[in-house]
Amino acid sequence: MLVSGLQRAGMAMSRMWIGHAQFSGAHAVFRAGLFACLMLTLAGCDMFGFRSWSWHQKLTLMVETPEGPRSGSAVSAAWFQMTPKWSGVGDSAGASNSSLSGEAVVVDLGEGRYLFALLKGYNEFTGRLAFFPRPQKPLSKEEDAAVYDQLEALRASTELPRELTPLLVTFADIDDPASVARVDPDDLAAHFGPGYALSSITLAITDEPVTKGRVEAVLGWLGEYPEPKLGPATGQTTNIPFNRRVAHGDFIRR
């Protein structure tokens with residue numbers, strides 16, 4: 001009876017210890033979750049030096065063709081965050097974080113030919129530079145934040161300066177990724193023939209939703225971001241073919 005009583009007492013103590021350990025573990029998880037939520041909340045406000053902005057950019061290409069004008073557009077989501085130095089978050093001791101998600105612009109030129117404006121050379125800073133060109137002197141953090149306040153609230157469109165033109169490409173065979181070729185924005189006729197010319201590229205800050213599925217509808221072979229490259233490996237370190245300089249992630253970024 002004494003042994004049985006000791007066994008029962010030992011089992012009770014074990015259950016209490018296990019329960020305490022489980023409570024402590026749950027408490028630790030709760031505290032970690034609470035801290036994470038707090039950090040996310042702070043990241044969305046001005047407290048303690050966190051500032052963030054988000055906006056949608058709509059890129060539109062207009063192309064003249066012998067059959068008349070053709071156009072294509074895509075809306076992407078841009079995000080920018082300023083973080084304080086004490087957070088240890090950011091690209092350089094709390095400088096900033098940023099991202100762009102969306103897809104390339106597709107212009108259907110008919111007869112199985114397409115012009116693409118890639119996400120390569122086009123990013124979350126394109127909208128800012130289009131509407132607020134680089135200042136003569138560096139801005140303070142407060143002045144920089146004021147620019148993003150204006151950008152986030154802006155609803156307008158403008159013609160994109162030539163220096164902000166994204167990479168334009170086409171395919172000799174739309175079913176062959178390796179047949180990708182760079183297109184000179186000043187000489188569409190070199191790839192598509194006489195009568196083809198880029199009329200304009202405009203960028204708008206808009207409330208329109210992010211576009212999805214337009215690129216996949218044309219490029220059925222498209223894979224996951226950011227690899228693979230469009231061309232096969234050559235083993236070369238110089239004279240790298242153009243199709244090795246373009247990746248699937250230049251067409252779609254989620």
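**Labels and their grounds**

Guide: Start with the largest pocket: its lining consists of Phe-125, Arg-128, Leu-129, Phe-132, Pro-133, Arg-134, Pro-135, Pro-138, Leu-139, Asp-144 and Tyr-148. Helices α2 (126–131) and α3 each give two or more residues to that lining. Bear in mind that this is a predicted model.

Visitor: What makes a residue part of the lining of the largest pocket?

Guide: A lining residue has an atom within 4 Å of a pocket point. Phe-125 and Tyr-148 are among those listed, so each has such an atom. The pocket holds about 240 Å³ of space.

Visitor: How many residues of each class does the lining have?

Guide: The lining has 8 nonpolar, no polar and 3 charged residues. Arg and Asp count as charged, so Arg-128, Arg-134 and Asp-144 fall in that class.

Visitor: Why are β1 and β9 called paired strands?

Guide: Pairing needs at least two bridges. Strands β1 (residues 51–64) and β9 (residues 197–206) have 9 bridges, so they qualify. The sense is antiparallel.

Visitor: What makes β6 and β10 edge strands?

Guide: The open sheet runs β6-β9-β1-β2-β3-β10, with antiparallel pairing. β6 (156–159) and β10 (252–253) each have a single partner strand, so one side of each lacks a neighbour in the sheet.

Visitor: How much of the chain is buried?

Guide: Buried means under 20% relative accessible area. Of the 254 residues in the protein chain, 38% are buried.

Key. Residues numbered from 1 in each chain as written. Predicted model: local features only at pLDDT ≥ 70, side-chain atom pairs only at ≥ 80, totals over all residues. Heavy atoms only, no water. Helix = DSSP H or I, 4+ residues; strand = E, 2+ residues; numbered from the N terminus. 1 Å grid on protein atoms, 1.4 Å probe; cavity = no way out; pocket = protein on both sides within 12 Å on 5 of 7 lines; lining within 4 Å. Points joined across faces, edges and corners; volume = space filled by probe spheres on them. Buried < 20%, exposed > 50% of the residue type's maximum accessible area, 1.4 Å probe, protein only.
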